[in-house]
Amino acid sequence: MSVVPDDHEWQYNPRHSVPDFARHAERAAALSRAARERNAGRYDIAYGDTPLSTLDVFPAAAPGAPLHVFLHGGYWRGRDKADYSYVADALVPRGVTTVVMNYDLCPAATLPEIARRTREGLRWIHRNAASLGGDPDRLTVSGHSAGAHLIAMALAEDAGAGADRLEDGAIKAAVLISGIYELAPVLDITVNETIGLRPEMVDGVSPMRHPPSTATALTVVVGSAETPAWIAQSRDFATLCQCRGSRCTYHTLAGEDHFSIMARMERPDDTLSRLVLDAAGVKE
């Protein structure tokens with residue numbers, strides 16, 4: 001059965017709209033293996049008490065460096081931090097200590113649980129920045145796809161309370177790459193058989209309904225070759241944040257699809273790398 005461009009599955013399941021998605025995954029895995037050989041790293045540091053509550057850190061040469069955290073995509077049900085070690089190649093040479101963070105996956109955990117534990121993980125990184133080789137006052141984050149969603153949820157103005165809250169301004173800037181911010185469409189695509197999102201969960205895990213604190217600067221990025229619905233997710237979220245007074249910029253990367261866009265974060269001078277380095281306050 002052929003897929004037509006207005007098909008809901010095609011719009012919201014990138015594996016349907018990008019036929020050669022596996023090629024990008026294979027390239028990322030190979031680059032990451034090479035990056036782990038090139039860069040000194042500390043692996044599988046626990047930030048929580050679940051098996052996937054771990055992170056890898058690639059320290060910059062100088063202690064107290066700017067600290068950047070990257071969260072992978074995979075529609076909350078797949079991929080691993082080891083697939084994205086290569087982002088260290090883009091940031092460590094510019095003096096940025098780089099953390100690549102895992103998080104729990106569906107169906108072992110529900111999406112609300114994953115969002116909460118991710119927020120707790122970012123709070124742990126902020127508290128332990130010095131032991132990771134970074135400066136807690138220069139903490140920035142980025143995420144791709146599901147990772148962008150989880151960052152947006154962690155930054156929500158109404159996320160958590162008391163000791164469970166990520167302090168406003170703890171994260172100075174966030175770069176959100178090809179994220180999904182309104183989750184109602186997920187209910188009707190095949191990946192939800194694994195995700196297990198239920199209608200009563202949608203409101204609580206949709207960043208469009210829980211916008212981020214204005215204390216964090218935002219960079220929202222999407223590829224021009226992504227589906228119209230996916231582009232609209234980023235455009236609408238950026239507009240919402242701008243209307244609420246956030247320091248938020250919106251970028252469309254010409255010719256990039258949902259998977260090829262991450263190839264723009266392989267070297268320090270790549271387009272995404274520059275946006276991340278700019279967010280971290282690192283100049284050429």
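Mentor: Start with Ser246, which touches Pro212, Ser213, Thr214, Leu218 and Cys241, leaving aside residues up to four places away in sequence. Keep in mind that this is a predicted model.

Trainee: Where does Ser246 lie?

Mentor: In the loop between helix 10 (228-243) and strand 8 (248-253).

Trainee: Why is Ser246 called buried?

Mentor: The cut-off is under 20% relative accessible area. Ser246 has 9%, so it counts as buried.

Trainee: Now Ala146. Is Ala146 buried or exposed, and how do you know?

Mentor: Its relative accessibility is 1%. That is under 20%, so Ala146 is buried. Ala146 lies in helix 7 (residues 146-154). It touches His72, Gly73, Gly74, Tyr75, Trp76 and Tyr103, again not counting residues up to four places away in sequence. Ala146 and Gly74 are 72 residues apart along the chain, yet their C-alpha atoms are separated by 6.2 Å.

Trainee: What makes a space a cavity rather than a pocket?

Mentor: In a cavity, a 1.4 Å probe fits but cannot get out; a pocket is open. The structure holds three cavities of 30 Å³ or more. The largest cavity has a volume of about 150 Å³. Its lining has 15 residues, with His24, Ala28, Tyr86, Phe259 and Met262 nearest its centre. Helix 3 gives the largest share of that lining, six residues.

Trainee: How does the lining of the largest cavity divide by class?

Mentor: Nine residues are nonpolar, three polar and three charged.

Trainee: And which residues lie nearest the centre of the largest pocket?

Mentor: Arg15, Gly74, Tyr75, Arg79 and Phe259, out of 17 lining residues. Helix 2 (14-17) and helix 3 (21-38) are the elements that give two or more residues to this lining. The volume of the largest pocket is about 260 Å³. Its lining has seven nonpolar, seven polar and three charged residues.

Conventions
Residues are numbered from 1 along each chain as its sequence is written. This is a predicted model: local features need pLDDT of at least 70, side-chain atom pairs count only at pLDDT 80 or more; totals for chains, interfaces and linings use all residues. Side-chain values use heavy atoms; hydrogens and water are left out. Helices (H or I, at least four residues) and strands (E, at least two) are DSSP runs, numbered from the N terminus. Buried means under 20% relative accessible area, exposed over 50%, partly exposed in between (1.4 Å probe, protein chains only). Contact means heavy atoms within 4.5 Å. On a 1 Å grid over the protein atoms alone, a cavity is a set of points where a 1.4 Å probe fits but cannot get out, and a pocket is an open set with protein on both sides within 12 Å along at least five of seven lines; lining residues have an atom within 4 Å of a point. Grid points are joined across faces, edges and corners, and a volume is the space filled by probe spheres set on the points. Ala, Val, Leu, Ile, Met, Phe, Trp, Tyr, Cys and Pro count as nonpolar, Asp, Glu, Lys and Arg as charged, and the others, Gly among them, as polar.
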